[in-house]
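Dear colleague,

Please find below the structure I wished to hand over to you, together with its sequence. My notes on it follow.

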Amino acid sequence: MYKKLLRKINNLSELVMKFSDKELKNKTDELKKRISNNEKEIDIIAEAFAVVREADRRVLGLYPTDEQVLGALALYEGQIAEMKTGEGKSLVATLPLYLKALYLDTVFLVTTNDYLASRDFERIGAVYQWLGLEVADGTSDPEEEEFDVKKRQEVYAANIIYISNGTLAFDFLIDGLAEKREEKFISKLTYALLDEVDEILLDSAQMPLIISGAPKVQSNYFENTNAFITILKKEIDFKLDEEQKNVWLTEKGIIKAKKYFSISNLLDQQFFTLYQHIILALKAHHTLKRDRDYLVEEGEVKLLDRKDGRILEGSNLQNGLHQAIEAKEFVELSNETQTISSITYQNLFRQFQQLAGMSGTAKVAENEFINTYNLPVKMIKTHKKSIRVDHKPKSYTNFAAKLEASLEKISSLHAEGRPVLVITGSVDASELYSLNLLNRGIPHNILNAKSSSKEAQIISEAGQVGAVTVSTSMAGRGTDIKISEEASEKGGLAVVITERMLNRRIELQAKGRAGRQGEPGDTYTFESLEDDVIKNFVQESIQAYYEKYKEVTRPIRNYKVKHAFMKAQKISEQNGYDERIKALQFDEVLRLQKEQVNKKRQEIMELRSVSEALLIVNQSAEIVVNEYFSTSERQTSRSIQRFILDHIDYNFKNVNEEYLKTNELKQLYIRHILKENLQVKREKIGDDRAFLQYLQITMLKAIDNAWSNQVDAMNQLRFVVQSRSTAQKKPIAEFEKEAQRSYQQRQSEVSLLILKNAALSLLDIKKGELIVTFP
């Protein structure tokens, strides 16, 4: 079908070339009219693509090839186009984005970071503007001190928005916390084209994007448990699972904890927080490694992205794990904060009506894309045939032998004048290679989280004759290394991968740096049985081989052992897939609850009169009062006074004894006090529109606070239910049951907070502006 449509586009392209600039620009309005008249989509696709293709040539000086048009057709149909490095994905995106914008008004091009979004906006945006569409750079301004709603409204009013996944996620969360309709800004989530789609939807899928609020009361257990776990012995006092991600105390470990902390029963409910902190300390020490998972910079723990080694600026581990790492590293503990709202990329992008994506390494994960996002992968041929040579991996028993062999290869390539890119699996590995290259007298650049500020300069020099660049896998994706003519004559870029990576996509991305657009290039891979992925997922028979030959320095020739490297990587990939599915199941529970919360928020924001708002406040008060009367045995004058002081009026003095004869009179009295309280506030504000806004804000604040507590509770619950799998209980089933129970409790909490916020909030009017101080 695509090739037939391509022929039609090519025929139209010859005709469109003869149009004047004015005639070509007028095509946008003409196509809009044809769309509104419900003309056949296939005819509109062909003409629209021909129009954009010609506009690309006139504005950018670039003309999409047939292969690029085929990729664009796949993207328009809501598929993933696998296009190799250097095939011009940014240009390909112009065709589907233009036509989708004509149909849907607003569409998104989503990249993995703000730099790429701004770069593509600057390079490509002029095409859409030339054709009469509005295009916006949706990236966040690091200099902006306060969130500017008007600016975001202007961005989201555009037809085509270039934005990073992180910025879009935070905008989505902020928009969901709006207190007035005028503060909403996110447009309808119709169509998103994701660049490096596998990084966004797979590698970053589980990452929670969090808006935090006020600090929690800080626990004093972090330092104490950090000291305690240093006396514990692995396999005796605690154990780790096969993936080295989860940890638990053995019976002996529990006994040691009881003695150390002088308590009777560590597993008693009153000591749950202590137990939790012991597990956090063990995780910090035994599942998280410095310079692989995080680094310490200027006394601050900064997380590293395992897939590319970059610093995750502004990101902290949740539920106390970040503070446990800080205790481990003896740096000042940061404050734990209250989560106001959060979402994962998985849930964010499932909000869109249609997704499409581009990547050089999507096909190997097609099953997951189809199962999770209903996104099939279409492989697009390269414009020029690839002549890159991928050499067979060299496998070794120990790290030292692998290191020596890989250094020899780097040295020989450097001696030939070849530019060399060395890909390592972590920051500490990159620094180890750098040290060894210095000892060999080989000049080089090092690119990792500690030198990321020089990334552009380092990459610009990486394709020159004799250049050696040592990098984490941050140079393995989205990095465009341009090879000099002289370097190309010497054989082009050589990529040396120094370990078996967590998945094939990381390796394929690294290899993709060499041999772009038909250039020469080679890739070499070195691996050992001491690589992390092998150690974590090795079979017993391979462990026995390792114990026997661990001092041998020659390459492994045993086929079964060599095959174990690929098998371990497949297990790692399956483990990653299982983790993402598990996270998706947990997230789905929260998503459904959040839908109900959003629906309630929307209802409140759409209230048109004070009477409608007061009805909700009074209904909430009724629930709270009924609960008070059902749980309290006897309501005395003093207890009712206490109730009113705590829930309705801080300044309440004395109860009228006439209303204490029956429960009905008592309840009537409380309702009367509430009515008087709200009337005083209404008169003080002196404007019903402002009073309605006040009531809406108090109700929205109540909903948001209760949801914040629910998110925190659910994060804690995830931690708890994992241990229940050992008791033959399914964690997700337990989570769903407890989550529903918790959500029901939050509904009572919402009613209580609405009553207290509406009645107890303090009002002040300064310079015509209403100032509200919540209880």
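I begin with Ser90, which is buried, its relative accessible area being 13%. Please bear in mind throughout that this is a predicted model. Ser90 sits in helix 5, which comprises residues 89-92. Once its neighbours within four places in sequence are set aside, Ser90 is in contact with Arg119, Asp120, Arg123 and Ile124.

Not counting residues up to four places away in sequence, Gln68 touches Tyr63, Met83, Glu87, Gly88, Leu91 and Val92.

Helix 6 comes next. Nine of the eleven residues in this helix (residues 94-104) are buried, so it is largely enclosed by the rest of the structure. The buried set consists of Thr94, Leu95, Pro96, Leu97, Tyr98, Leu99, Lys100, Ala101 and Leu102; a lysine, Lys100, is among them. Asp105 follows helix 6 and has a positive phi, near 80°.

Asp291 has a positive phi near 70° and lies in the loop that runs between helix 13 (272-286) and strand 9 (294-297). With 14% relative accessibility, Asp291 counts as buried. Gln517 has a positive phi near 45°, and its place is the loop between helix 21 (504-511) and strand 20 (521-528). At 40% relative accessibility, Gln517 counts as partly exposed.

Tyr345 lies in helix 15 (residues 345-349). Is Tyr345 buried or exposed? Its relative accessibility is 4%, and it therefore counts as buried. Leaving out residues up to four places away in sequence, Tyr345 touches Asn165, Gly166, Ala169, Ile200, Ser204, Ala205, Met207 and Leu209. Tyr345 and Asp712 are 367 residues apart in sequence, while their C-alpha atoms are 19 Å apart in space.

Turning to the chain as a whole, the protein has 29 helices and 22 strands. Its C-alpha trace spans about 100 × 80 × 45 Å along the principal axes. A compact globule of 775 residues would have a radius of gyration near 28 Å, and the 31 Å of this chain agrees with that. Buried residues account for 53% of the 775 residues. Of the contacts between residues at least 6 apart in sequence, 74% join residues at least 24 apart.

As for the surface, the chain exposes about 36900 Å², of which carbon and sulfur atoms supply 48%. There are 109 positive and 113 negative charges, and their mean positions are 4 Å apart.

With kind regards

Terms used
Residues are numbered from 1 along each chain as its sequence is written. This is a predicted model: local features need pLDDT of at least 70, side-chain atom pairs count only at pLDDT 80 or more; totals for chains, interfaces and linings use all residues. Side-chain values use heavy atoms; hydrogens and water are left out. Helices (H or I, at least four residues) and strands (E, at least two) are DSSP runs, numbered from the N terminus. The radius of gyration is taken over C-alpha atoms; the globule rule is 2.2 Å times the number of residues to the power 0.38. Buried means under 20% relative accessible area, exposed over 50%, partly exposed in between (1.4 Å probe, protein chains only). Contact means heavy atoms within 4.5 Å. Accessible areas come from the Shrake-Rupley method with a 1.4 Å probe; for residues, only the protein chains shown count as cover. Lys and Arg count as positive and Asp and Glu as negative; His and the chain ends are not counted. The place of a charge is taken as NZ of Lys, CZ of Arg, CG of Asp or CD of Glu.
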